[in-house]
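This report looks at the places where a protein holds its ligands, and then at two residues elsewhere in the chain. Please keep the sequence and the model in view while reading.

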Amino acid sequence: MVNQTLGIIGGGQLGSMLASAAKKINIRTVIFSDDQDAPGQKFSDDFVFGKYDDENIINEFVEKVDIVTFEFENIPFETLNKINEVKKVLPKPNINKIIQHRLYEKDFINKCNFRTTLYDSIKNDKELKSKTNFVPGIIKTSTFGYDGKGQYKINSVKELEEINLDYNKEYIIEKFINLKKEISVIVTRFGKQKYEIYEPIENIHEDQILKNSKIPAEISNEIIEKSKDWAKYISEELDFIGTLCVEYFIDKKDNLYVNEIAPRVHNSGHLTINSHNISQFENHIRAVCGLNKEETKKLFNAKMINLIGNDILVYRNKKFTSNEFFFDYLKKEVKPKRKMGHLTILKK
Ligand code: ADP
Ligand code: MG
């Protein structure tokens, strides 16, 4: 279809970068956000502000668009479902129902026969205190966590005994893994057995937030192939349309684990804007809008540095060389632990 208008739910940096990628291939975008200051509105053609469960706002948004996608997985399932009755939502809303809940997500990965950390659900204090075999471990809220939010590292049985959780929320506990490396694989699925896949990206986290990403990842060929195969398989099992990211752990014995699945474009893939002929964002737009799949090629090796909190203030006044690309997410407020921008450095 020509002259399509794509609706994007969420107006943070991912929404902004999706809107920029769409503009490049002549697709109009309307961003829908519950944040009046959402930076995405500076990049999209139109903007709708309102609560994600406000039916009038949902209707206003739906009328403006031909097809809908989203920048983050924590949109209420009901909202996506309601929109999907009128305009197609891709990836399909029922995928979110699995992935936005850490327990269902991990159950799904195990059903695919891929390794995850040892995990269990926690619904009350009695269950929590019995999980001594998960120490050292991490407790995570089952829903709405990101960038390490809603996570509690448990280093000892004493800490397990002393922690107080609010049981209005659901949790999982995971055994802690001694990590050798973390990698991610980004795949865009266009249809049955039709993919564009990026090579594994090596990631470094600080305080559970992504700090650096780079290609090529320094890993064995066996892990390169395995991680790509698993990501393809997962996207096929989910009947996913669009860009998806699988985050992996590699332990000291070179075992590969799926950490989590992001049913969307991913922070580790920001470097693809500059390192590849087609970025993860453009491929996502192409897939959900039904455009041609074009061969995606790496042009340069690259490294990405996330600018978190006050980092941005320094970078806003910096001079950059011709192989450095600075992205300012134009967020209104600088907050600690908030992703404010990134820098990609190409290795020419
Ligand atoms: P988020 O949804 O916030 O990204 P993750 O589950 O990916 O949550 O955790 C964030 C980071 O915390 C991981 O990338 C990893 O560095 C660290 N982490 C989380 N779970 C474990 C674990 N079981 N063992 C070791 N490190 C972990
Ligand atoms: Mg993660």
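In this predicted model, an oxygen atom of ligand 1 is 3.3 Å from an N or O atom in the side chain of His-205. Contacts of ligand 1 with two further residues are listed beside it in the table.

| Residue | Part of the residue | Distance to an oxygen atom of ligand 1 |
|---|---|---|
| His-205 | N or O atom in the side chain | 3.3 Å |
| Arg-102 | polar side-chain atom | 3.0 Å |
| Gly-148 | polar backbone atom | 2.7 Å |

Ligand 1 would expose 540 Å² if taken alone, and the protein buries 93% of that area. Several elements give two or more residues each to the shell around ligand 1: strand E6 (137-141), strand E8 (171-175), strand E9 (179-191), E13 and E14.

How many residues surround ligand 1, and which are the closest? There are 21 of them, and the closest are Lys-140, Gly-148, Glu-182, Asn-259 and Glu-260. By type, the shell around ligand 1 consists of 6 nonpolar, 7 polar and 8 charged residues. Domain 2 (118-175) and domain 3 (179-347) each supply at least three residues to this shell.

Is Glu-247 buried or exposed? Glu-247 counts as buried because its relative accessible area is 12%, and the limit for buried is under 20%.

Two other residues can be set side by side. Arg-189 is found in strand E9, one of the strands that contribute to the shell around ligand 1. With a relative accessible area of 2%, Arg-189 is buried. A polar atom of the Arg-189 side chain lies 3.5 Å from the backbone oxygen of Gly-191.

Asp-229 sits in helix H8 (residues 221-237). Its relative accessibility is 44%, so Asp-229 counts as partly exposed. Along the chain, Asp-229 and Gln-100 are 129 residues apart, and their C-alpha atoms are separated by 23 Å.

Key. Residues numbered from 1 in each chain as written. Chains lettered and ligands numbered in written order. Predicted model: local features only at pLDDT ≥ 70, side-chain atom pairs only at ≥ 80, totals over all residues. Heavy atoms only, no water. Buried < 20%, exposed > 50% of the residue type's maximum accessible area, 1.4 Å probe, protein only. Near = heavy atom within 4 Å. Polar contact = N/O pair within 3.5 Å; in protein donor to acceptor, adjacent residues only side chain to side chain. Areas by Shrake-Rupley, 256 points an atom, 1.4 Å probe, with all protein chains shown as cover. Helix = DSSP H or I, 4+ residues; strand = E, 2+ residues; numbered from the N terminus. Nonpolar A, V, L, I, M, F, W, Y, C, P; charged D, E, K, R; others polar. Domains from an automatic or database assignment.
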